[in-house]
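Welcome! Please take a moment with the sequence and the structure below, and then read on for a short tour of some local details.

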Amino acid sequence: MISFEEALAIVLAEVTPLPAEDMALEEALGRVLAEDVASDRDLPPFDRAAMDGYALRAADVAAAPAALDVVGEVRAGQWPDLVVGPGQAARIMTGAPVPSGADAVQQVERTQPLDEFRVTILAAVAEGAHVAPRGSEARAGDVVLARGRVIDPSATAVLASAGKDRVRVARRPVLALLVTGDEIVEVAARPAPGQIRNTNGPAVAAQARLAGADVRLLGVAPDRQDALAAALREGLPADVLVVSGGVSAGDYDLVEPALLDLGATFLFTRVAIKPGAPLVFGHLGKTLVFGLPGNPVSAQVTFDLFVRPALLRMQGARVLERPRVSVELRAAFKNRSGRKTHMPARVRVEGGRLVAWPVRSMGSGDLAAHARANALVVIEADREEATAGETAEALLLGSFLEDDGAPL
Ligand code: AMP
Ligand code: MG
């Protein structure tokens, strides 16, 4: 069996970047930027007042209090048609261009109007105070956002500032998803005795969508090689084909033969990890194929560890991995598998430190327990147990910040 690291390297090496497309900025949330974006103007585009107050010459108020002549007013959105000379000030609003002659702004709270044409400045200000100089954030032509950035709200603001009402982003990867198992019924169906609901389909589809994929659901296929092959064929062409279940060593685990039937080649079929030892990866023509274990927790964890980074790399994202942090274990994490283990855990901030507990789980089918996890604690293959008080590595999952403090 190959290691986690070897397997991930094999997957990432097989990924080819998807072509880019143009789209409206307002549609681009979650997409990966496929161009370096330069500012088309200096930012700020003019010396900008950062406070409501008076634009003045700092030297005039060095021995404040000092009275100045008010020569006019500059509002945001106006271009000043006045010059501030010695002994003069202009009333100015936040966001307005600082008129020439002035080299600082004193905030209105530190001033006292004498009459309509005179103001007392109550405190001295340094040259440049409360003025954001033209070009101090970026110069025209500077790259303000680099390709590979996932477009989030703050990136959206930068794109807007650069005038990008349309942006170049990676096309979404098309991910076809087939769920397998004679015992599996769709969510809307009433399970007969011996049947269980399809939870991997909805869960993996959701994970894929959060990783930017355009998901095509192929439904549920029975454990028959011909039916599996027919359903898999429906999934082509796709950039990624994900199959849940049917990859263990059981008599009815027929996904591998069905894929071989269609002409797939495998790069690995087992990885020394827990959860998820049976994990199939290969290609079928240009389509990357993943066979995930059917166990619900295993399916979600292996998706996160292997499929998600592949989807992100396809889109040219620079960050492929979950945030990897050090956590202090608050209880023992047992690992008798002899394999590298990613254990669902709850991480919290306590006294400024990250601390982790294993979620109390009945096993890899315990979905409710897995939903209480917000991290995966990594225990190496040669450790049978990591004890309370030890420091361990953890990958933070998307739900990390949502902690209602509920008991574990
Ligand atoms: P398999 O990998 O097909 O042997 O499945 C392993 C376990 O996961 C079995 O208990 C299955 O019933 C369960 N399982 C497989 N697929 C799903 C699914 N789509 N939803 C819920 N449980 C599943
Ligand atoms: Mg099965």
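This is a predicted model: local features need pLDDT of at least 70, side-chain atom pairs count only at pLDDT 80 or more; totals for chains, interfaces and linings use all residues.

## A buried ring and its partners

Phe281 has a relative accessibility of 0%, so Phe281 counts as buried; the word applies under 20% relative accessible area, while exposed is over 50% and partly exposed lies in between, using a 1.4 Å probe and protein chains only. Residues are numbered from 1 along each chain as its sequence is written, chains are lettered from A and ligands numbered from 1 in the order in which they are written, and side-chain values use heavy atoms, with hydrogens and water left out.

How are two aromatic rings described as a pair? The description uses the distance of the centres and the angle of the planes. Here, rings of Phe, Tyr and Trp (its six-membered ring) pair if their centres lie within 6.5 Å; planes under 30 degrees apart are stacked, over 60 edge-to-face, and the rest tilted. This rule gives a count of four aromatic pairs. In one of them, the ring centres of Phe268 and Phe281 are 5.6 Å apart and the planes stand at 35°, so the pair is tilted. The pair links distant parts of the chain, since Phe268 sits in strand β18 (residues 265–270) and Phe281 in strand β20 (residues 278–284), 13 residues apart. Strands here are DSSP runs of E with at least two residues, helices are runs of H or I with at least four, and both are numbered from the N terminus. The rings of Phe281 and Phe290 are also a tilted pair, because their centres are 4.9 Å apart and their planes are at 45°. Phe268, Phe281 and Phe290 form one aromatic cluster.

## Two pockets

Next come the open spaces. On a 1 Å grid over the protein atoms alone, a pocket is an open set of points with protein on both sides within 12 Å along at least five of seven lines, whereas a cavity is a set where a 1.4 Å probe fits but cannot get out; lining residues have an atom within 4 Å of a point. A volume is the space filled by probe spheres set on the points, which are joined across faces, edges and corners.

The largest pocket has a volume of about 1,100 Å³. Its lining holds 38 residues, and Leu210, Ala211, Arg308, Arg322 and Gly398 lie nearest its centre. Two or more lining residues come from each of α3 (200–210), α6 (296–314) and α7 (367–371), and α6 gives the most, with six. By class, this lining has 20 nonpolar, nine polar and nine charged residues. Nonpolar covers Ala, Val, Leu, Ile, Met, Phe, Trp, Tyr, Cys and Pro, charged covers Asp, Glu, Lys and Arg, and the others, Gly among them, are polar.

The second largest pocket holds about 520 Å³ of space. It is lined by 30 residues, with Lys274, Met343, Pro344, Gly363 and Ser364 closest to its centre. β24 gives the most to this lining, with four residues. The lining has 12 nonpolar, 12 polar and six charged residues.

## Around ligand 1

Which residues are closest to ligand 1? They are Glu183, Asn198, Thr199, Gly246 and Gly294, out of 17 that surround ligand 1, each having a heavy atom within 4 Å of it. A polar side-chain atom of Glu183 is 2.5 Å from an oxygen atom of ligand 1. For Asn198, a polar side-chain atom lies 3.0 Å from a nitrogen atom of the ligand. Asn295 takes part through its backbone, with a polar atom 3.2 Å from an oxygen atom of ligand 1.

## Loops worth a look

The loop between α4 (225–234) and β17 (240–244) contains Asp239, as well as Pro237. Asp239 is buried because its relative accessibility is 16%. Its side chain makes a polar contact with the side chain of Arg171 at 2.9 Å; such a contact is a pair of N or O atoms within 3.5 Å, where within protein one must be able to donate a hydrogen and the other to accept it, and residues adjacent in sequence count only if both atoms are side-chain atoms.

Most peptide bonds are trans, and most residues other than glycine have a negative phi. Leu236 and Pro237 are joined by a cis peptide bond, with omega about -5°. Another cis bond joins Ala64 and Pro65, with omega about 0°. His130, in the loop between β9 (118–121) and β10 (131–132), has a positive phi near 55°.
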